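Trainee: I would like to go through this model with you. Could we take it piece by piece?

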Amino acid sequence: MRTLLRRALPGVDVAFLLLLCLCLAHTSSLWVQTNRTLAEEETRLGAWGPQDHVKGDLHGEDQKNFLPGGRPPGGREAGATESSSETISSVTPEAWAAAYQGKGGDDGSCVSAGPGHEENQIAAVIVLCHDRPGYLSRSLETLERRLRARSISQRFPVYVSQDGEDKEVSAVVDRFSRSGLVRARWTHSPPAAFEEKLRAVKPHMRSYHRIARHYKFALSTCFSCLGFPRAILVEDDLVVSADFFPYFAAAAPLLDRDPTLYAASAWNDNAVAGLPRGDPAALQRTDFFPGLGWMVTRRLWREVEVGWPEAFWDEYMRSPHVRLGRQVVQPEVSRTVNIGERGASSGEDYHGGAARVRGAEIYVNFVERDLSLLADRAAYRNEVKSRVARAEVEILDAFLEERTKIADGGKRVLRDAKVEYASEEEHERALGLFGLPYPPRGSFEGVTTIMDPREGRLGRVHIAPVGYGLSGDSAVVLDGRSIRTV
C-alpha cells in the first residue's frame with residue numbers, strides 16, 4: 001500500500017495519505033448508513049401523505065427560530081445547523097430555490113416549498129388546482145387584484161399547490177409567479193402505491209380520494225414545512241370579494257383566542273339568489289363547516305391531521321366527533337363565488353347548489369368593526385335566543401301565501417318573524433319554502449336565519465325549533481324524528 005502511494009503521489013507524506021483514506025472510508029460508511037436509515041424511515045411512515053416531521057407545535061420565541069422547510073432530502077434544514085438561530089425573514093427566495101429542487105415528497109421531506117412564514121404575515125393563502133387552467137387563471141387574477149388594492153396584502157403570501165403536472169395549469173402558475181403574486185408552487189405527485197390502491201375504488205369516486213390526499217399534502221407543507229400559524233384554502237374555482245382579506249384578518253385573532261371556534265369560512269350556503277341580500281357587515285356563528293374559502297389554524301390541523309380520511313375530507317371536518325361542538329365563523333353575505341361548473345361533482349349539483357350563492361357587492365373593513373359579540377359564544381347564544389323569542393310566529397302555510405302580498409297595506413315593516421318546526425319533516429319543509437338545502441347549512445343550534453323575502457318586510461326570518469329561546473339555557477335535542485329544546 002505504501003509503495004503504491006509513493007508511486008502514485010511522489011513527494012506526499014504517506015502517513016497523511018493513509019489518514020486521509022481512513023477518513024474517506026469512514027465518511028462513505030456514514031453516507032451508506034444515513035441513506036439506509038432514511039429508506040427505513042420512509043417505509044415506516046408509509047407512502048400516504050407528507051408526515052409531520054416537526055415535533056410539537058411552535059409558539060412565541062420557538063417560532064422565530066424555526067427555519068421553514070424542515071429537512072431537505074438527506075440532510076438538516078437548509079443552511080442551518082442543529083443549534084441555528086437564523087430567523088425566517090433572513091432566508092431569501094434564492095436560497096430556497098437552491099436548496100429545494102425536487103417535488104413534494106411523501107417521506108416527510110419538504111422540497112420546492114418556497115419561503116416560509118415571516119413575523120408580520122397572518123396566513124398563507126393556498127390555491128389548490130389540478131387540471132382547470134381557465135378557472136385557475138380567473139381565480140388568481142382576482143386574488144392579485146384584491147391583494148394589490150389593499151395595504152394588508154403583504155400579510156397574505158400566496159402559494160399554489162398543483163396536483164399533477166398539467167402543462168396548461170403549470171403555464172398559468174408560471175405567469176403569476178413572474179407577476180410576483182405566487183410565491184412558490186408545490187407539486188403534488190402521488191406515488192405508484194397510491195395509484196395502485198385506487199384501482200380498487202370505483203372510477204367515479206377516485207377523484208375524491210385524490211382531492212383528500214392533495215389537501216393533506218398542502219396543509220402539511222404549509223404547517224409542518226413552512227411554519228405558518230394559519231392557512232386560507234382557496235380552490236381554483238373560487239372568486240373572492242374585495243373584502244376577502246380584511247375579513248380573514250379580523251377572523252384570525254378570534255380563532256386564536258376562542259377554543260369554541262373551529263374555523264372561519266368566507267362562504268354562506270344560505271346567501272342564495274331569490275332571497276334578499278343580508279347585511280354585508282354581519283358575521284355569524286354556525287354549527288356547519290362550509291368550506292369554499294376557509295381559514296384553519298395550525299393548532300387545529302395538528303388535531304385533525306391524525307384521522308385525515310382517504311376521501312370526502314369536508315364531511316370528515318363536519319363530523320361531530322371531529323368538530324366536538326365547536327363552531328365556524330361565516331359572513332351573512334358570502335365572500336366567495338364558485339365558478340366551477342366542471343369538477344369532481346356533476347354540473348347538476350353545481351347549478352342546484354353552489355351556483356345559486358351570490359357574493360358581496362359592498363366592501364366592509366372588518367378589521368375596524370367590533371366583533372366582541374361574535375367572540376363570546378354565551379353572549380352570542382343569548383342574543384340569538386332573544387331575537388328568536390321576540391319574533392312573531394308565522395304559520396308555514398300562511399307564510400307561503402303571504403310571500404306574494406304587500407305586507408300591512410304597503411307599509412314597510414321592520415320586525416323579525418319565525419317559522420317553527422317540531423320534527424325533521426317540518427324542518428325540511430320550512431327550509432324548502434325558502435329554497436334552502438336540507439340538512440340545514442349555516443344554522444346555529446338548529447336556527448337558520450335569513451332576510452324576510454316578503455315584500456315590504458325589512459326584518460329577518462328565523463327557522464327555529466318550537467320553543468327555542470323561551471326557556472332557560474335551551475339547546476336543540478334530536479329525539480328520534482322529533483326535535484325539542486331543553
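Predicted model: local features only at pLDDT ≥ 70, side-chain atom pairs only at ≥ 80, totals over all residues.

Trainee: How many helices and strands does the chain have?

Mentor: Helices (H or I, at least four residues) and strands (E, at least two) are DSSP runs, numbered from the N terminus. On that basis the chain comes to 16 helices and 16 strands.

Trainee: What percentage of the residues in the chain is buried?

Mentor: Buried means under 20% relative accessible area, exposed over 50%, and partly exposed in between, with a 1.4 Å probe and protein chains only. Of the 486 residues in the chain, the buried part is 50%.

Trainee: Among contacts between residues at least 6 apart in sequence, what percentage joins residues at least 24 apart?

Mentor: Contact means heavy atoms within 4.5 Å. For such contacts in the chain, the figure is 76%.

Trainee: Take helices α5 and α6. Are they roughly parallel or roughly antiparallel?

Mentor: Axes are lines fitted to C-alpha atoms, for helices over the stretch in contact, and angles run from 0 to 180 degrees between N-to-C directions. The axes of α5 (residues 133-148) and α6 (residues 167-178) come within 9 Å and cross at roughly 15 degrees. Angles under 35 degrees count as roughly parallel, over 145 as roughly antiparallel, 65 to 115 as roughly perpendicular and the rest as oblique. So α5 and α6 are roughly parallel.

Trainee: How many nonpolar residues are in the contact of α5 with α6?

Mentor: P133, L136, S137, L140, E141 and E144 in α5 meet E168, V169, V172, V173, R175 and F176 in α6. Ala, Val, Leu, Ile, Met, Phe, Trp, Tyr, Cys and Pro count as nonpolar, Asp, Glu, Lys and Arg as charged, and the others, Gly among them, as polar. The contact has 1 polar residue, 4 charged and, as asked, nonpolar: 7.

Trainee: What is the angle class of α8 with α10?

Mentor: The axes of α8 (residues 206-225) and α10 (residues 298-305) come within 11 Å and cross at roughly 135 degrees. That makes the pair oblique.

Trainee: How many residues of α10 are buried?

Mentor: The buried residues are R298, L300, W301, R302, V304 and E305. Helix α10 has 8 residues and is largely enclosed by the rest of the structure, because the buried count is 6.

Trainee: Is G180 buried or exposed?

Mentor: G180 is in the loop between α6 and β3 (182-188). Its C-alpha is 9.1 Å from that of E144, 36 residues apart in sequence. At 56% relative accessibility, G180 counts as exposed.

Trainee: How far apart are the C-alpha atoms of V239 and T142?

Mentor: V239 lies in strand β5 (residues 238-240) and is buried at 14% relative accessible area. Beyond four places in sequence, V239 touches residues including R138 and T142. Along the chain V239 and T142 are 97 residues apart, but their C-alpha separation is 6.3 Å.

Trainee: Which cysteine sulfur is nearest to that of C222?

Mentor: A disulfide is a pair of cysteine sulfur atoms within 2.5 Å, and the whole structure has 0. C222 is in none; at 9.3 Å, the nearest cysteine sulfur is that of C225.

Key: Residues numbered from 1 in each chain as written. Heavy atoms only, no water.
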